[in-house]
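Please keep the sequence and the model in view while you work through them.

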Amino acid sequence: MLTAALTGQLVTAQTFTGPATVYNVEATSADAHTFYSLRNKKVVPASDSATANWDIAFCKSRIIFNSGTSGPGKVKAQLVDQAWVNIKEAPATGYLVDAGSDKVVPTGSGKGWYWYNATTEAIRPVPHRSLVIQWEDGQRAKLEIISYHKNASTAANSDKGFYSFRYLLSATNNLSQHLDEVYNLDATTTAHFNLAGNQVMEAAQSTTDAWDVSFTKTDIVVNSGGTNTGKTVGQFVEIPFANLLVAPDANYKNNTEAVPGGSDNSWYHYDFLLTHTITPIEGRTLVFQDKHGRFSKMVINSYYKDAPATPILLNTAGWYKFQYFYQPDGSVNLDPDYVAAYTPLPADTVSNDDPENPNDPNNPDTPGDTTGTNPGDTTGGTGTGIAAHAAGLQFAVFPNPSANGNFTIKTGELLRSVNIFNMTGTLVY
């Protein structure tokens, strides 16, 4: 369970649980890693690389963990061929540490976390492949790479080397929480909240686009319009939170218009006759679209400290409890347990090359390459070849120059059988 920091002060009454989504962790340098602390939700300076202050690090398309030969930490991890949403419990065994060139996350297209499209030069995450991470104190996390392109762009020619990823921390093996939950958010003064990161931003960032939604007593404002510099828009809908499975395609508004103030105008009712308390209106849900174009839905559960079931006038007001779901994949789907169907990758995405590593002997741009597709290669090798699919399972076919046009095949573990023909149509496998 994470605690929030407001203007440098720890406020232990505020807790934030659930997934966090991080955008644009830059790893464009070919010879320097960018270090990240998953537990503290921030980039760690390179000067701390020899400490346990970081958990995971990125250098181009390569990923290392703070363990083994990569760092003094005790962070273990493993790749699992499961969709992030489907991982409900952390594996009991199988965790590894980096050991020299034998990394937890192998390099090379299809071997680790990504596929490389040699035609478009785009790098995309392998569908339904995730990382599960373990710390020495028993904490676990599951992590999925969302994008390697800047601003999570789907354009093949967009800038590469900018990681966006989603992860869930847990004190136990339970990794099933897909809703974000915020408890005792202090809105007695303005709190600027970032939906993707599930965190309150520092007051110094109030004039930036780092936050999406602000809470000031009963007022909820989105970061757009007026003097705000962000692009987040929002609205409220008369649909219960659990029933809202698709984000609306219109009617989003800026600033204070997204969530109008006043009793019964948006999210709350004020009982001015009897209890003089504020109660969220059942069946109303807030919907937001942030600067990344990602949608989220939110339900306010309570406006009082410690979320009493039946608030009274003596309860401390201005302390929100709410749940929300943030969809990082760019779709309008707001079902927290939705799993996108597995789509076999196009043939030209399969390659043994590590396109971002100039020292990889399989890189086609590496001078003196004798095993890849370097133009100066005179020994044949296996090349990068083409790829095919059988029953939804990927495999790669590689021309063998010494075999008169026959093909050799490299398959995944799940491939049972396949027929391969040479260029003249003769069955060779």
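1. The model is a predicted one, in which local features need pLDDT of at least 70 and side-chain atom pairs count only at pLDDT 80 or more, whereas totals for chains, interfaces and linings use all residues. Residues are numbered from 1 along each chain as its sequence is written, and side-chain values use heavy atoms, with hydrogens and water left out.

2. The place of Asn251 is in the loop between β19 (233-237) and β20 (268-270), where strands (E, at least two residues) are DSSP runs numbered from the N terminus. Phi of Asn251 is near 75°, a positive value in a residue other than glycine. Asn251 counts as exposed at 55% relative accessibility; exposed means over 50% relative accessible area, buried under 20% and partly exposed in between (1.4 Å probe, protein chains only).

3. His276, which is found in the loop between β20 and β21 (278-280), also is not a glycine and has a positive phi of about 55°. His276 is partly exposed, with a relative accessible area of 34%. As background, most residues other than glycine have a negative phi.

4. Ala52 lies in the loop between β5 (42-44) and β6 (56-59) and is exposed, its relative accessible area being 57%. Not counting residues up to four places away in sequence, Ala52 touches Asn66, Pro72 and Gly73, contact meaning heavy atoms within 4.5 Å. Ala52 and Pro72 are 20 residues apart in sequence, yet their C-alpha atoms are 6.1 Å apart in space.

5. Four strands form an open, antiparallel sheet in the order β16-β15-β17-β18, where two strands pair if DSSP finds at least two bridges between them. Its edge strands are β16 (199-200) and β18 (219-222), each of which pairs on one side only. Strand β15 (residues 191-194) is joined to β16 by two bridges, and the partner of Asn194 in β16 is Gln199.

6. Which residues of the largest nonpolar core touch the most other members? In this core of 30 residues they are Phe215, Trp267, Tyr320 and Phe322, a nonpolar core being a set of buried Ala, Val, Leu, Ile, Met, Phe, Trp, Tyr and Cys residues joined through side-chain atoms within 4.5 Å. The strands that each supply at least two residues of this core include β14 (180-186), β17 (213-216) and β23 (295-304). Apart from it lies another core, of 29 residues, among them Phe58, Phe65, Trp113 and Leu169.

7. The structure holds 21 aromatic pairs, counted when the ring centres of Phe, Tyr and Trp (its six-membered ring) lie within 6.5 Å; planes under 30 degrees apart count as stacked, over 60 as edge-to-face and the rest as tilted. The rings of Tyr36 and Phe165 have their centres 5.5 Å apart and their planes at 90°, so this pair is edge-to-face. Because Tyr36 lies in strand β4 (residues 34-37) and Phe165 in strand β13 (residues 160-170), the pair ties together parts that are 129 residues apart in sequence. Tyr36 is buried, with a relative accessible area of 4%, and Phe165 is buried at 0%.

8. Two charged residues deserve a look. Lys142 lies over the face of Trp84, at 4.3 Å from the ring centre, and Arg166 also lies over the face of Trp84, at 3.8 Å from the ring centre. A charge sits over a ring if NZ of Lys or CZ of Arg is within 6 Å of the ring centre and within 35 degrees of the ring normal.
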